[in-house]
Amino acid sequence: MARSVSYVSAAKLVSMARGNPRLAIIDVRDEERSYQAHIAGSHHFARGSFEARMPELVRAASGKDTLVFHCALSQVRGPTCAKMFSDYLRETKEDSGIKNIMVLERGFNGWEISGQPVCRCTDAPCKGTCS
């Protein structure tokens, strides 16, 4: 069952994600993802349709034990969606295997400003092969 929502820095996320197929990054930005870059391999679940798509996210996160949510700054949309998803797992008693739900500190903007790699592909979902 999912635990409470915690925060993770960009540097820590890089080390956690390296070679870890059980971690998924969930981008909840809306249309800005289409004209800005994104974190390679991230899944896009826009905030505007997030609530309706939570069952789809459970399927997309199959085999994952950690989900890291973010929006542009991770001040509203990212934390809201992370909490909403944690509550959804608890209420539906989904046996998803997800143990950790986190929010990326400073969001995508902080990720990019700190020099972390970004992807500009238009693949949906991103295959994670960008550099």
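A residue is described as buried when its relative accessible area is under 20%, and by this criterion Phe 69, at 0% relative accessibility, counts as buried in the predicted model examined here. Phe 50 also has a relative accessible area of 0% and is therefore buried, and a value of 0% likewise places Phe 85 among the buried residues.

In one of them, the ring centres of Phe 50 and Phe 69 are 6.0 Å apart and the planes meet at 75°, so the arrangement is classed as edge-to-face. Because Phe 50 belongs to helix H3, which covers residues 50–60, and Phe 69 to strand E4, which covers residues 66–70, this pair ties together parts that are 19 residues apart in sequence.

Phe 69 also takes part in a pair with Phe 85, for which the distance from centre to centre is 6.1 Å and the angle between the planes is 50°, an arrangement described as tilted. Here strand E4, which contains Phe 69, is joined with helix H4 (residues 77–92), which contains Phe 85, so that the pair ties together parts that are 16 residues apart in sequence.

Note on methods: Residues are numbered from 1 along each chain as its sequence is written. This is a predicted model: local features need pLDDT of at least 70, side-chain atom pairs count only at pLDDT 80 or more; totals for chains, interfaces and linings use all residues. Side-chain values use heavy atoms; hydrogens and water are left out. Rings of Phe, Tyr and Trp (its six-membered ring) pair if their centres lie within 6.5 Å; planes under 30 degrees apart count as stacked, over 60 as edge-to-face and the rest as tilted. Helices (H or I, at least four residues) and strands (E, at least two) are DSSP runs, numbered from the N terminus. Buried means under 20% relative accessible area, exposed over 50%, partly exposed in between (1.4 Å probe, protein chains only).
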